[in-house]
Each structure stands twice: as structure tokens, then as C-alpha cells.
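Q: I am new to this structure and would like to learn how to read it. Please take me through it one feature at a time.

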Amino acid sequence: MLNKKYGRVKFACYASNLTMSVVGNLSPLLFLTFRSQYGLSYSLLGLLVLINFSTQLSVDLLFSFFSHKFNIKRTVRLMPIFAIVGLLIFAFVPFFFPKSAFLGLAVGTVIFSASSGLGEVLISPLIAAIPSKNPDREMSKVHSIYAWGVVAVVIIATLFITIFGAENWHWLVMVCLIFPLSAAILFSSAEIPHMEVAQKVSGVLSFLKNKAVWTCILAIFLGGAAECTMAQWASGYLEQALGISKIYGDIFGVALFSATLGAGRSLYAKIGKNTSRALLMGGIGAAVCYLICAITPFAIAGLLACAFTGFCVSMLWPGSLLVASDRFPNGGVVIFALMASGGDLGASVAPQLVGIITDFALNNQATISLAASLSLAPEQLGMKLGMLVGALFPLLSIPIYFSFWKKDRKTKKAISDRKK
């Protein structure tokens, strides 16, 4: 009975996560198209990513402190509408902003990113609020939908551009409207469960005084940085740093990254038990993959490392959420909003840093000379340096995930000892 009652809202959440996969990944797939058609620098392209996640971060923080001021059910239903409006503005850039393309792209990005920010704050607690025998696996499942949505976006985008040409990219954006439209229709008639919110700002401040909350936020900050850096720059890295053609780089690199991301989350949804161990192994694996991408001279090795990064980072974001919700079971929307803030901050800073590093390499005589001595183009060296910096985020996450794992082991041992 419960499954039937909340079935529509679960499918609406799935459609919303598919929308988030469009919002977060379609623009990076078009980076080189925007560069060639509108002359945008790598820093401006990275700035689009920063705008995306900074907007999401702003929404996260707004909900963290003032969730009690919102009509939650109405906000849930409005969420996909923002995505529809933002994507429409994005698609109209060639018609209304041909000479100021970045402005149009930025405005569209702000609006559909607000929808994505609402999704990060509301989808996870929505799923958590639905009665379930295994809420951890339900949480992993809804996050796996996002990853499989990225696979679909990459394949659809690659095939569309190959068949119809990059100059028609705006029609691709129109095609992707099917996801938020579906979410809007489903939410309009769905039964939305009650979600707890803090009744006043002081309730949020009490969370922020807890060191364990900040540890969880730092964990998702580093996990979000590790996931989104590769997700946002894999396409450009494979094409510019490794010389792999866009169609093969996107399908066998970006899509495979997303497929392994989805596979990792789906696998955990089926058989996962130990979240902290999954986080620790994922952090170690991601660091190794980033380092391979940074130093390998072999295209196939870089492509495989890029793809396998998806599996390694698959549980870093949802796993951090699971750890936080387990440690703060009465946190409601607030703890999810605070965690989303940390994740989005990491997803904002890290990809932008890669863009800055790449532009620096292109304009610095020392790096240009170093690139020549290594028989690399400046863009190749810049991308590799960016990946090297990207490796810092999973490396820094390892001690935090190790502390989670160590604490879980102590807890399980104490429970086992009491039973004896």
C-alpha cells in the first residue's frame, strides 16, 4: 500500500535526478563547441561550472537556514519548472544573445542551476521520508539514476552533434526538456510525504556547533570535488590532452565514466552494507586514477583511468550523505541542505581550478617551455597539470574516510561485545 501511495513521487524523484544529470553535464559536453563558435576562454568555460554550482550552493545555504519559511510541497512541485525555463533560455542563446553568448549561457545556467540546487536539498530527504525496508539502498538507487542519466545525456549529445552538427547544439537542449517536463507532470499529482524542517534559525546553528557535522561536510566537499572535476573536464581532457577524437572520447571516456559511476551506485543499492569502507576504498582508487591521468603518455591508459574514476567516486557523494543521516537521524531537510552545500562548494571550486590551471599553462612562458621539452602542446600540459591538482581532493579525503571506517569498526565491536 505504501509503495502504491508513494510510487508516483518516487518516479518524479527519478525524473528530477535525470534533469539534474542534464543540468550538470550537458554544458561541459559543449565546452569546445562554445569555444569554437563564441571564442570563450577556458576560464570562462570553467566559470559556467562555477556559476552552476555556486547557484546550487546558494540555494543549499538558503534552505539550510530558512527551510521553515518555505512551503516544502509547493517548492517541490515548482522545482522542475525552473529547469524548464533555464534550459529554454540556454537554447535561445543563438537567437537572442548571438554577440553576447556568455551572458545568455550564464543567465540560463543560473536559473536551471537553482532547480538543481532544490533537487539536491529536497530529493534525498524525499526518498528518506518514504517508508522503506532498506533506506540506504533506496538512497543509492536514486543517486544511481543520476549517473545513468549522464550516460544517456552523453550518448544522446554525441550522436546528435555527430549527425546534425555542433552548430545545432541548441536543438539538443530542446530535446533534453523531456526530463524536467516529465518531472513536472509527475510531481503535479504526486503524494508528497512530510519532511522535517528546523523551526527556527537557531536549530540550524546548533548543528553547526557540532564538529561531527563539519567533518561530514568536509567529506562531501572533497567527494564532490573528486567526482565533478572528472565529470566536468573528462571530455576536454581526452580531446586536448590525449588527442582522442571527441566522439570516441565522449562515448568511451565520459559515458564510460558515468556508466561506472552508475554501476558503483547500483551495485551498492543491491549488495552494499559498509558505507565507510566504500568511501575509503573509493577515495584511494580515485586518487590513483587522477594521478594516472596526470602522468600517463598513453591515450588508452588515460581513457581507462578517466572511466574507472567513475566507479571509484560513485559512493563518495551519496555515501557521505548516508554517514551524515546515520549520525544525525533527526536532521531532516537541514542536514541534507548543509551536506549539499558542502558538496556543491567542492563541485564549484575544483573544476574552476582546472580551467584556471589550463589557461595559466597556455599563457605562461615557463610552462610553454616545459611543454615543448616534454614534446607536449601547452594545452596538453595544462590539462595534465589540472588533473594533478584534481588528485589532491581524493587524496585529502582518505584520512577523513578512514576516520569514518575506524569509528564504524569500534561501534560494531562494541555492539558485538555487548551481545557476548
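Q: Which residues is Leu26 in contact with, leaving aside its neighbours within four places in sequence?

A: Contact means heavy atoms within 4.5 Å. By that rule, and with neighbours within four places in sequence left aside, Leu26 touches Ser21, Val153, Ala157, Leu172, Val173 and Cys176. This is a predicted model, in which local features need pLDDT of at least 70, side-chain atom pairs count only at pLDDT 80 or more, and totals for chains, interfaces and linings use all residues. Residues are numbered from 1 along each chain as its sequence is written, and side-chain values use heavy atoms, with hydrogens and water left out.

Q: How many residues does the largest nonpolar core have?

A: A nonpolar core is a set of buried Ala, Val, Leu, Ile, Met, Phe, Trp, Tyr and Cys residues joined through side-chain atoms within 4.5 Å. Buried means under 20% relative accessible area, exposed over 50%, and partly exposed in between, with a 1.4 Å probe and protein chains only. The largest core here has 100 residues, and Leu26 and Phe34 have the most contacts inside it. Helix H12 gives the largest share of this core, 17 residues. A second, separate core has 24 residues, among them Phe63, Leu118, Leu126 and Val142.

Q: Is Leu87 buried or exposed?

A: Leu87 counts as buried because its relative accessibility is 2%. Leu87 sits in helix H5, residues 72-91; helices (H or I, at least four residues) and strands (E, at least two) are DSSP runs, numbered from the N terminus.

Q: Why do the buried residues of H10 line one face of the helix?

A: An α-helix has 3.6 residues a turn, so residues three or four places apart point the same way. In H10, residues 178-188, the buried residues are Phe179, Pro180, Ala183, Ala184 and Phe187. Seen down the axis of H10, they fall within an arc of 135°, so they line one face; the arc is that of the directions from the helix axis to the C-beta atoms. Ile185 and Ser188 are exposed, on the face turned away from the buried side of H10.

Q: What covers the buried residues of H10?

A: The cover includes H2, H5 and H7.
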